[in-house]
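Welcome to this short briefing. Please have the model open as you read, and follow the topics one by one.

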Amino acid sequence: MEYKIIRLAPGDFPKCDEIWDMDAQREFAERFRDELLSGNRITYVYIIGNIFVGEISLVFDTGDPDYTVKGKRIYTSRLIVRKEYQRRGIGRNLLRHAVKEARKMGYSELSVGVDPG
């Protein structure tokens, strides 16, 4: 399975609809886009061929020190994989990539929130 993990460019944000239903989560989608544009969120996308199949984000500031501390703790958000691609190690690869990128940026801690789903 040929794949690549790329950093999401803000202009490619609408393609995330291939992974999750942006219309059903409109309020979150708007906040996500705003954070991408402001630089508060970096998103990495797992792509097979030209299809977006998974994503993970790193958020620099949530406004809550339990989740983010400037230069020390970064928040891991939106680890999500399209249902038909689950159980193939895609989530694990995305998480490893995010951890590697956070370390490169000098972060020593990651925080995670879990939503029921």
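How much accessible surface does the protein chain have, and what share of it belongs to carbon and sulfur atoms? The accessible surface comes to about 7200 Å², and carbon and sulfur atoms hold 47% of it. Please keep in mind that this is a predicted model, so every value here is computed from predicted coordinates.

**Overall build**

- The protein chain contains 2 helices and 5 strands, and their order along the sequence is β-α-β-β-β-α-β.
- With a radius of gyration of 14 Å, close to the 13 Å that the globule rule gives for 117 residues, the protein chain is as compact as a globular protein of that length.
- The C-alpha trace spans about 35 × 30 × 30 Å along its principal axes.
- Of the 117 residues in the protein chain, 40% are buried.

- Strand β3 covers residues 51-59, and 8 of its 9 residues are buried.
- On one side of the pairing list is strand β2 (residues 41-48), which runs antiparallel to β3 over 8 bridges.
- For Val-59, the bridge partner in β4 is Tyr-75.

**Aromatic pairs and the aromatic cluster**

- How many aromatic pairs does the structure hold? There are 7 aromatic pairs.
- One of these is the stacked pair of Tyr-3 and Tyr-46, with 4.5 Å centre to centre and 10° between the planes.
- This pair links distant parts of the chain: Tyr-3 belongs to strand β1 (residues 3-7) and Tyr-46 to strand β2, 43 residues apart.
- Is Tyr-46 buried or exposed? Tyr-46 counts as buried because its relative accessibility is 1%, under the 20% cut-off.
- Tyr-3 has 40% relative accessibility, so it counts as partly exposed.
- Another pair is formed by Tyr-67 and Tyr-75, and it is edge-to-face because the planes stand at 85°, with the ring centres 5.1 Å apart.
- Tyr-67 is partly exposed at 33% relative accessibility, while Tyr-75 is buried with a relative accessible area of 17%.
- Phe-13, Trp-20, Phe-28 and Phe-32 make up one aromatic cluster.

**Arginines over rings, and positive phi**

- Arg-41 lies over the face of Phe-32, at 4.5 Å from the ring centre, and Phe-32 is a member of the aromatic cluster.
- Arg-78 lies over the face of Trp-20, at 4.4 Å from the ring centre, and Trp-20 also belongs to that cluster.
- Arg-78 is found in strand β4 and has a positive phi near 60°, although it is a residue other than glycine.
- Why does Arg-78 count as buried? Its relative accessibility is 19%, and buried means under 20%.
- Arg-87 is not a glycine either, yet its phi is positive at about 70°.
- Arg-87 sits in the loop between β4 and α2 (90-104), and at 87% relative accessibility it counts as exposed.

**Around Ala-29**

- Ala-29 has its place in helix α1 (residues 26-38) and is buried, with a relative accessible area of 1%.
- Which residues does Ala-29 contact, leaving aside its neighbours within four places in sequence? They are Phe-13, Trp-20 and Met-22.
- Phe-13 and Trp-20 are also members of the aromatic cluster.
- The C-alpha atoms of Ala-29 and Cys-16 are separated by 9.5 Å, and the two residues are 13 residues apart along the chain.

Definitions and conventions. Residues are numbered from 1 along each chain as its sequence is written. This is a predicted model: local features need pLDDT of at least 70, side-chain atom pairs count only at pLDDT 80 or more; totals for chains, interfaces and linings use all residues. Side-chain values use heavy atoms; hydrogens and water are left out. Buried means under 20% relative accessible area, exposed over 50%, partly exposed in between (1.4 Å probe, protein chains only). Helices (H or I, at least four residues) and strands (E, at least two) are DSSP runs, numbered from the N terminus. Two strands pair if DSSP finds at least two bridges between them. Rings of Phe, Tyr and Trp (its six-membered ring) pair if their centres lie within 6.5 Å; planes under 30 degrees apart count as stacked, over 60 as edge-to-face and the rest as tilted. A charge sits over a ring if NZ of Lys or CZ of Arg is within 6 Å of the ring centre and within 35 degrees of the ring normal. The radius of gyration is taken over C-alpha atoms; the globule rule is 2.2 Å times the number of residues to the power 0.38. Accessible areas come from the Shrake-Rupley method with a 1.4 Å probe; for residues, only the protein chains shown count as cover. Contact means heavy atoms within 4.5 Å.
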